[in-house]
Amino acid sequence: MKTLYVSDLDGTLLNSNTALTDTTIETINALVEEGMEFTFATARSITSASLVTRGLHLRTPLIVYNGVYLLDPDSHDILYSHSFTRQDAQDILNYLLRHDMIPFVYSYIDGRERVSYMEEGMHEGGKYYMESRPYDKRFRKVDTTEQLLEGDVFYFTCIHDGSFLKPMYEYLEETTDYVIVFQQELYREEYWLEVMPRGVSKAQAILELKEKGGYDRVISFGDAINDLPMFQISDECYAVGNAIEELKNTATAVIGDHDADAVAMWLKANYQKKAGGSASV
């Protein structure tokens, strides 16, 4: 039986220092060498995900931007994607601007992934987001709101206080069929409101990968609310010990904490049993 193993990154595979330990890297690489089909599904871009997963040698397509893109693990070529129609992107931006929220807008411009932004009224959380990624060449400062929508738009991110963003979240959730994620930033006070094209989720991307790869089963690992749809389409789903209660209540079982290499340790113990492996880890 062919099984696909999928893990979230932040708060799940990554520890509280937003890093992979040597133990996790060595364990997963050894199991992949034995034939384990393992990948990650993350809200991060491939630029950001590649940095925090450096050292992993994966052979299974990668899921980024909460399922907007399914990418080749080596070339990062797009295998599956979603984007907004021009009208949808304009409608979302108009709504946010009416409520004094200038978002980060993610798009492909001339074949390059860019994150367009304006400095006007930027929340401290938005500034932190940019300052914590000095390596990130996607950032593109623009002078007008019209320029925010240049290219093929596929993602909006709003970073602000939770009380400021919550009414926007509730309105968009109730009146549109876009995919909306509203949650507090890990280890920070600010909240993120993310808007994605209709039909997008980690779950949908996993189902697409399951079909393309001919997998019989899916086993997933997560910690946050955006992992819930992924859990719902998995045959087995495991919440790390630091996960939110809602996810723990949905999980097949709760495993160890992300600071204790929980996913890698579960894989070491259980993949070998299921596949008859003998990884030297």
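1. Basis. The model is predicted: local features require pLDDT of at least 70, side-chain atom pairs count only at pLDDT 80 or more, and totals for chains, interfaces and linings use all residues. Residues are numbered from 1 along each chain as its sequence is written, and side-chain values use heavy atoms, with hydrogens and water left out.

2. Extent of the interface. Contact (heavy atoms within 4.5 Å) involves 20 residues of domain 1 and 16 residues of domain 2. The buried area (accessible area, 1.4 Å probe, that two parts lose on being put together, summed over both) is about 1400 Å², and carbon and sulfur atoms give 60% of it. Of the area that domain 1 buries against domain 2, 33% comes from Tyr65, Tyr69 and Val200, more than from any other three residues.

3. The domain 1 side. Two elements, α1 (9-13) and α3 (46-52), each give two or more residues to the side of domain 1 that touches domain 2; these helices are DSSP runs (H or I, at least four residues), numbered from the N terminus. The most comes from α3, with four residues.
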